[in-house]
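Here are a few notes for when you have the model open. Could you go through the points with the viewer beside you?

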Amino acid sequence: MLRELPPIKVDALVIGHGASGLMAASALASQNNNVLVVGKGATATSMSTGCISYIRKDILRQERGAIDLEALARSVHPFNDIMERGSLALEEVLLQVSSFFQRSLSDQGLEMTDDAFHFFDMLTNAGTMYSCSIAPSFTASGRLDRLREGSLALLGIEGHRDLDPRLVAAMCAGHVDGVRVRPYWRKLDCMGHGGMTATEAAARFKNGGTQELIKTISDLEEDSVAIPPLFGLQSVHKGMSELCSESEKNVFELVTPMSLPGLRLQDAMERSAVGHGCHLMKNHLVTRLEVKRERAVSALIETPTRRQAVSFNSLILATGDLVGGGLALAGREVVDPFSTFKVGWFGKTEPLPGQTRYDAAMRQVVEAGYLVTHEMRLMTKEGRPFENAFGAGSTLASFSFPTGVGLGGELLTAWIAAEYAKEGS
Ligand SMILES: Cc1cc2nc3c(=O)[nH]c(=O)nc-3n(C[C@H](O)[C@H](O)[C@H](O)COP(=O)(O)OP(=O)(O)OC[C@H]3O[C@@H](n4cnc5c(N)ncnc54)[C@H](O)[C@@H]3O)c2cc1C
């Protein structure tokens, strides 16, 4: 039977517990707002590589290497909209977001290497090249420009599925000029027999298990050693520091999606939101929104056994894209599952200058449906801006990865949505 809990009231309700929702919630809570975050389902954030850029590299290239704020605005549609109205100093916002984000993660034990205005290249666990501006420190220490003229061991651990060193060695031959790359497979007693996921492997390394690995790494000839992600958030700093200092080598993780790096980012952001004072209801779904004219006034939160109404002054919708479940398909149409907000459609997009046909096709797919905003305000289905409901993250146009900016652009939208929501709280 469904239990009805007493209704609650908050300053701001954030729907969606990925990077965007948690960033918006933390920003609001850090300014003394009473914030509730409700989220259900795996987030795209937890599947990501945890590596971040605020601007798309193709746009940067078109600007011949100079960071140009107009180019940044063009790469993220809502900012373009806002900048045209002259209501936002993007340069300031970018620095604020970047420093708030880094501090919040660092407080939770996730150190990131920050250079918001430049790109560096690293290798992924598929052997492809990956460029970004901000990465976890023990991933960024595998920057290709720092490996040049050195030697690199790719260390696969039997039973661990995240790194096949032979595959990476074969794939990366063209990307890593001047680096001598050699693959190794090693068996570690602590891993036992059979395959295991990264999370299972991390449990083995949580309380020790590193001594055997340190010996294995020390025995390799190479100066730098790439390993799969082995540690969860709580032990990553200590574990990786130990591997580096005791082996006296540059030990780093390859850029790895669908594994521990995304889970660590998710974990750190959740802890940070709670640390800033947010109330986080995980495994809860917002099933309905009540709207009065251009104001969203309350929502219904449900689990299979409980139901609770929450009223609020401001709403931030950070429910993710089609992958995240923030938008849905009805036949060939992209719709908003709440049947409340206006969903846009870019129609046929022409390739941007310098864009390949593949990129253009991808862009068309990702930009096919999105929530329409006016200065971050969501719109009624009839096209009138809401007074107190704001969109953030990949549910907005152009933010989905890989064609959009991804996490960096989404964090920016979340920060700005929080700025607007603050006024209503
Ligand atoms: C495999 C993979 C790799 C990626 N790698 C990168 C990368 O390296 N760099 C990068 O920048 N980006 C990357 N991305 C993209 C990036 O992860 C996403 O764009 C970003 O995480 C989206 O964040 P978000 O907060 O907007 O949404 P999400 O992280 O998806 O969070 C939204 C959450 O809200 C929940 N939700 C939806 N509706 C409701 C509701 N009614 N009630 C409660 N909860 C609800 C959803 O279930 C979801 O869990 C990757 C994505 C994937 C899938």
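1. Setting aside neighbours within four places in sequence, Asp162 is in contact with Asn125, Ala198, Pro228, Pro229, Thr256 and Ser259. Contact here means that the two C-beta atoms, placed from the backbone, lie within 7 Å.

2. A word on the ground rules. This is a predicted model, where local features need pLDDT of at least 70, side-chain atom pairs count only at pLDDT 80 or more, and totals for chains, interfaces and linings use all residues. Residues are numbered from 1 along each chain as its sequence is written.

3. Back to Asp162: is it buried or exposed? It counts as buried because it has 22 C-beta neighbours inside 10 Å. The cut-offs are 20 or more other C-beta atoms within 10 Å for buried, 12 or fewer for exposed, and partly exposed in between, again with C-beta atoms placed from the backbone. Asp162 sits in the loop between S7 and H8. Leu254 is 92 residues away from Asp162 in sequence, yet the C-alpha to C-alpha distance is 9.3 Å.

4. Now the sheet. It is open and parallel, with four strands in the order S8-S7-S9-S10. The edges are S8 (180-186) and S10 (250-253), each pairing on one side only. On average, neighbouring strands are turned by 25 degrees against each other, direction ignored. Strands (E, at least two residues) and helices (H or I, at least four) are DSSP runs, numbered from the N terminus, and two strands pair if DSSP finds at least two bridges between them.

5. Inside that sheet, S7 (residues 151-157) and S9 (residues 224-227) pair in the parallel sense over three bridges. Leu154 stands opposite Ala226 in S9. Helix H8 (residues 165-172) packs on the sheet, touching S7 and S8, and its direction makes about 165 degrees with that of S8. For the angles, axes are lines fitted to C-alpha atoms, for helices over the stretch in contact, and values run from 0 to 180 degrees between N-to-C directions.

6. Please look at two backbone spots. Glu149 is not a glycine, but its phi is positive, about 70 degrees. Glu149 lies in the loop between helix H7 (144-147) and S7, and it is exposed because 9 other C-beta atoms are within 10 Å.

7. The other spot is Asn283, a residue other than glycine with a positive phi near 60 degrees. Asn283 is in the loop between strand S11 (279-282) and strand S12 (285-292). Why does Asn283 count as exposed? Because it has 11 C-beta neighbours inside 10 Å.
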